[in-house]
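Hi,

Here is the structure I promised to pass on to you. Have a look at it first, and then read my notes below.

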Amino acid sequence: MRFRLVSLMIVATAMLSGRVAYATTYYVAPTGNDGADGRSPTNAFRTLQKAHDVSAPGDEIVVASGTYSAPGRASVLDITRSGRADAWIKYHADAGPRPKLRLDGTQWHAIRIAAAAYIEIRGFEVEGNAADVTLAYAQSESHNANNPKT
């Protein structure tokens, strides 16, 4: 009888709070397909943007090693959806080498977060538009305000 009473109290509390969370883990891989459901490594999405577009508060996006770009888009990933204080949306690298976000030469942001909060991003490498600039070159041009690369 005590077990039933406790179970009923938990169900009633969950129903009254209106915040029963059903977090989903989505997967992204360079060999994925945005037409897939993204819910397993073998059915991964191809783009980070697709994973974002289907995500909800509390969801986790696991990104496989590889290079990700988005030619023709303003950024590789444009985050416009918020998590919640009790249910962050988390983007992180899977085990192994870090996934690389590569800008295509016209993009300014690898990841743009616009009017969104409670987002966690971990384990990515970003290759910008000036990947060919070495430290020595940047230091030698540090006083040249007309150099577009530095």
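Does Ala115 count as buried or exposed? At 79% relative accessibility, Ala115 counts as exposed; the cut-offs are under 20% relative accessible area for buried, over 50% for exposed and partly exposed in between, with a 1.4 Å probe and protein chains only.

Before going on, a bit of background. This is a predicted model, where local features need pLDDT of at least 70 and side-chain atom pairs count only at pLDDT 80 or more, while totals for chains, interfaces and linings use all residues. Residues are numbered from 1 along each chain as its sequence is written, and side-chain values use heavy atoms, with hydrogens and water left out.

Back to the loop. Ala115 sits between strand S7 (109-113) and strand S8 (119-122). Helices (H or I, at least four residues) and strands (E, at least two) are DSSP runs, numbered from the N terminus. Most residues other than glycine have a negative phi. Ala115, though, has a positive phi near 55°. Tyr118 is in the loop between S7 and S8 too, and its phi is also positive, about 60°, although Tyr118 is not a glycine. With 36% relative accessibility, Tyr118 counts as partly exposed.

Now for the inside. The largest nonpolar core has 19 residues, and those touching the most other members are Val28, Leu48, Ile61, Val63, Tyr68, Tyr91 and Leu101. Such a core is a set of buried Ala, Val, Leu, Ile, Met, Phe, Trp, Tyr and Cys residues joined through side-chain atoms within 4.5 Å. Two or more residues each come from strand S1 (25-28), helix H2 (48-54), strand S2 (60-63), strand S4 (75-79) and S5. S4 gives the largest share, 3 residues. Side chains of opposite charge can pair when their charged atoms come close. The structure holds 6 salt bridges, each being a side-chain nitrogen of Lys or Arg within 4 Å of a carboxyl oxygen of Asp or Glu. One of them joins Asp86 and Arg84, with the closest N and O atoms 3.0 Å apart. Arg84 is partly exposed, at 26% relative accessibility. Another salt bridge pairs Glu120 with Arg122 at 2.9 Å, N to O. Glu120 is partly exposed at 23%, and Arg122 is partly exposed at 45%.

Glu127 is partly exposed, with a relative accessible area of 22%. Beyond its neighbours within four places in sequence, Lys100 is in contact with Gly66, Thr67, Tyr68, Glu125 and Glu127.

Pro97 counts as exposed, because its relative accessibility is 58%. The C-alpha atoms of Pro97 and Gly123 are separated by 9.2 Å, and these residues are 26 apart along the chain.

Cheers

Technical notes:
Contact = heavy atoms within 4.5 Å.
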